[in-house]
Amino acid sequence: MRTGNGHDKGFTLVELLMTIAIITVLAMIALPAFGSLFGRTRTEAARGLLETSLNQARLAAVGRNAAVTACPSSDSAACDRSTRWHHGWIVFVDRDRDGMRSEDEPLLAAEQARRGVAILGTPGRLRVGYRPDGSVSGTNVTLTVCDPASGVAGATTLVVSMSGRIRHGTPTAEAATACIRAAGA
């Protein structure tokens with residue numbers, strides 16, 4: 001379209017197609033980065049939720065002067081016999097100190113992990129048991145948290161020391177790979 005002063009107004013079909021092509025290429029370059037960003041965000045959110053639950057368990061053990069256990073739970077009522085925490089977990093007062101929740105033991109928290117995120121505990125460690133002084137029974141527990149969208153490099157860990165304190169860490173390549181595999185299962 002021409003205006004009265006001889007200048008064109010608007011876009012030609014070729015200009016429009018070139019603009020769409022450039023936007024498409026830029027989007028294809030940016031999308032994997034956004035997927036990784038979303039994966040890291042989901043991983044950090046799940047790690048934060050689990051860390052909050054573990055800190056709540058420790059504080060409850062000290063505050064109640066009682067044994068408190070955190071364990072993976074897919075039904076939000078009983079402990080699973082698994083190192084897979086990504087289906088959810090519970091925190092309860094473990095009156096009989098057997099590491100398994102009975103119906104008469106108070107449930108303090110029940111959480112569900114985020115979709116797409118996997119959380120794997122140390123092999124052989126099915127729960128985190130806090131003593132009345134806030135320390136943990138057994139050895140250190142490492143919980144690896146990952147999301148396939150962020151890959152092995154985006155995996156992270158929570159390490160619960162025997163004193164009951166929690167720190168963040170970086171998993172081994174083997175642990176991160178196992179976590180990514182578990183996310184797909």
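Which backbone nitrogen lies 2.6 Å from a polar atom of the side chain of Thr122? In this predicted model, the backbone nitrogen of Thr142 lies at that distance.

View 1. Thr122 is partly exposed, with a relative accessible area of 22%. Beyond residues up to four places away in sequence, Thr122 touches Thr83, Asn140, Val141 and Thr142. A polar atom of the Thr122 side chain is 2.6 Å from the backbone nitrogen of Thr142. Between the C-alpha atoms of Thr122 and Asn140, which are 18 residues apart along the chain, the separation is 8.7 Å.

**View 2. The largest nonpolar core, with 27 residues.** Leu54, Ile119 and Tyr130 touch the most other members of this core. Two or more residues come from each of H1, strand E1 (68-72), strand E2 (89-93), strand E5 (128-130), strand E6 (141-146) and strand E7 (156-160). H1 gives the most, contributing 7 residues.

**View 3. Contacts of Leu54.** With neighbours within four places in sequence left aside, Leu54 is in contact with Ala70, Val128, Tyr130, Leu143, Leu158, Val160 and Ile166. Another core, of 7 residues, lies apart from the largest one and includes Leu120, Cys146, Ala155 and Ala182.

**View 4. A nonpolar patch on the surface, formed by Phe11, Leu13, Leu16, Leu17 and Ile20.** Together these residues have about 580 Å² of accessible area. Leu13, one of the patch residues, is placed in helix H1 (residues 13-64). Leu13 is exposed, and its relative accessible area is 61%.

Technical notes: Residues numbered from 1 in each chain as written. Predicted model: local features only at pLDDT ≥ 70, side-chain atom pairs only at ≥ 80, totals over all residues. Heavy atoms only, no water. Patch = residues over 30% accessible without salt bridge, like charges linked within 9 Å, V, L, I, M, F, W, Y side chains within 5 Å. Areas by Shrake-Rupley, 256 points an atom, 1.4 Å probe, with all protein chains shown as cover. Salt bridge = Lys/Arg side-chain N within 4 Å of Asp/Glu carboxyl O. Helix = DSSP H or I, 4+ residues; strand = E, 2+ residues; numbered from the N terminus. Buried < 20%, exposed > 50% of the residue type's maximum accessible area, 1.4 Å probe, protein only. Core = buried A, V, L, I, M, F, W, Y, C linked by side-chain atoms within 4.5 Å. Contact = heavy atoms within 4.5 Å. Polar contact = N/O pair within 3.5 Å; in protein donor to acceptor, adjacent residues only side chain to side chain.
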